[in-house]
Every structure is written in C-alpha cells, then in structure tokens.
Amino acid sequence: MIFTQDEHMMERLFATVMPFIRDEKEDCLVEFEIDGKLISIDTTSISKAIRFIRQWSEESLKHIRIVQEYVYRTGIACNLDRSFVICVTKLSSVHDMGKVGIDFDILEKKGGLTPDERSIVRQHPLTGLKIFSFFADALSEEERKIAESIILYHHERWDGLGYPNGLKGEEIPAEARLVAIADAVAVMLAGTPYKEPISPDELPEILKAEKGCHFDPEMTEALLCAL
Ligand SMILES: [Fe+2]
Ligand SMILES: [Fe+2]
C-alpha cells in the first residue's frame, strides 16, 4: 500500500510516514485521512517500509558506485571544476530515488515493458523530486539545486529525445549531462533483465555512436580519452 503508483497518494503517504522513518519510531500507530477515508498504518507496516527502502538501497548500491565512478572520471577528463565534479559525484547517488515508488515486478521484468509500465517508469524523475523534498533541508542551497537537477534531468538526452521535459543540448544542466552518460554506461555494463551486459571492450564503439545523440559530445570525447 505504501508504494502505490498514485502520485498524489504517494506524496501524502511519504509526508506522513517519513518523519517516523527518519526518527525510527516503531511503536506507534499512524492515522491519516485520504479522500475522506481514515487510514491506519501500524508499526509493522512502517518497519516493512523501512526494510523495503534499505533493501532497495542495497540492491542499487552497486549501480550507484559505478555511476559515481564514471561521473568522476568523465567530469575530471572534461576539465570541469574539481569541487563541482566531487559534489556531482556525491549527489549522483540520489538520481534514481524516485524508483522506490515502482514495483520490483516492473523494475525486474524480463522481455520489455508495456506502454503503461514504461510510463510508470518514466515518472521516476518527478516522483524522485517529491521524495527528495523531504530530505532537502540537510543540504546547502547549491547542493540542493544540483541534486534536484540530477534527479529531474538524468534521463534527458543531448538530441532532445529524452524525458521528462525533452530538453536539448546545453539546456540540460551539466550535472545532469554527466550523470546521464555515467548512468547509461553503468546500465550497459551491468545489463538489464532484458538486455545482456556489454563487455568493457564494446564501450568505446557504443559511446562514439551515441556521441551527440544520447550524450553530450564533449563529455563523451573526454570519457573516451579517459577509458
Ligand atoms: Fe533513472
Ligand atoms: Fe540509474
């Protein structure tokens, strides 16, 4: 129930449940109203939610480490300001935060997604932004802006064919362009439930083919030199 696909309900649930998760209170009953109905979540449900989030975090930890490695390598190879690269590397860990709202059945589905499932997956940047707002206070103003742009724009493409906003070229903030290339590399190297992993030897050819299409051409060139 907690991880429903209904965005508004999810927003309200997180607003209610997050303070309890944050404080790790496990011995109270949470009650709140949704559309005139009184909903109660007992402590077991909250513990389950905590476990779900932790389990999910562990599943994605490996992915995050690879993303961070490629963000750093690409950013440094591109001669971007070192402290900016370090900041983006650190904050890239939150890029897929919105995926906690998606069922494992969809995330792990073999054989491709239906159009409906694809549109659920495509919601994760916006869902992520909402979830992030509960944690944003912990960051400085500058870090918050960078994290928000990573979460919202990491699936935009240089050629404008990405989502959610179809931004093009340098309309996409640099931090999101860095994470976009690193995320795609991490996914290709690890494979997906419906795509075999590529070998590291295949990476240069794929990067060359996607330079200026999916990825920022300058960043792609820099990463190619750094491989
Ligand atoms: Fe993503
Ligand atoms: Fe990712």
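Reader: How many helices and strands does the protein chain have?

Author: Helices (H or I, at least four residues) and strands (E, at least two) are DSSP runs, numbered from the N terminus. The protein chain has 10 helices and two strands, and from the N terminus on its elements run α-β-β-α-α-α-α-α-α-α-α-α. This is a predicted model, in which local features need pLDDT of at least 70, side-chain atom pairs count only at pLDDT 80 or more, and totals for chains, interfaces and linings use all residues. Residues are numbered from 1 along each chain as its sequence is written, and chains are lettered from A and ligands numbered from 1 in the order in which they are written.

Reader: Which residues in the largest nonpolar core touch the most other members?

Author: In soluble globular proteins, nonpolar side chains tend to be buried together. A nonpolar core is a set of buried Ala, Val, Leu, Ile, Met, Phe, Trp, Tyr and Cys residues joined through C-beta atoms within 7 Å. A residue is buried if 20 or more other C-beta atoms, placed from the backbone, lie within 10 Å of its own, exposed if 12 or fewer, and partly exposed in between. Here the largest core has 34 residues, of which Val71, Ile150, Val179, Ile181 and Ala182 touch the most other members. Its largest share, 10 residues, comes from H8.

Reader: Is Asn79 buried or exposed?

Author: Asn79 counts as exposed because it has 10 C-beta neighbours inside 10 Å. Asn79 lies in the loop between helix H2 (43-77) and helix H3 (82-91).

Reader: What is the phi of Asn79 near?

Author: Most residues other than glycine have a negative phi. The phi of Asn79 is near 60°, a positive value.
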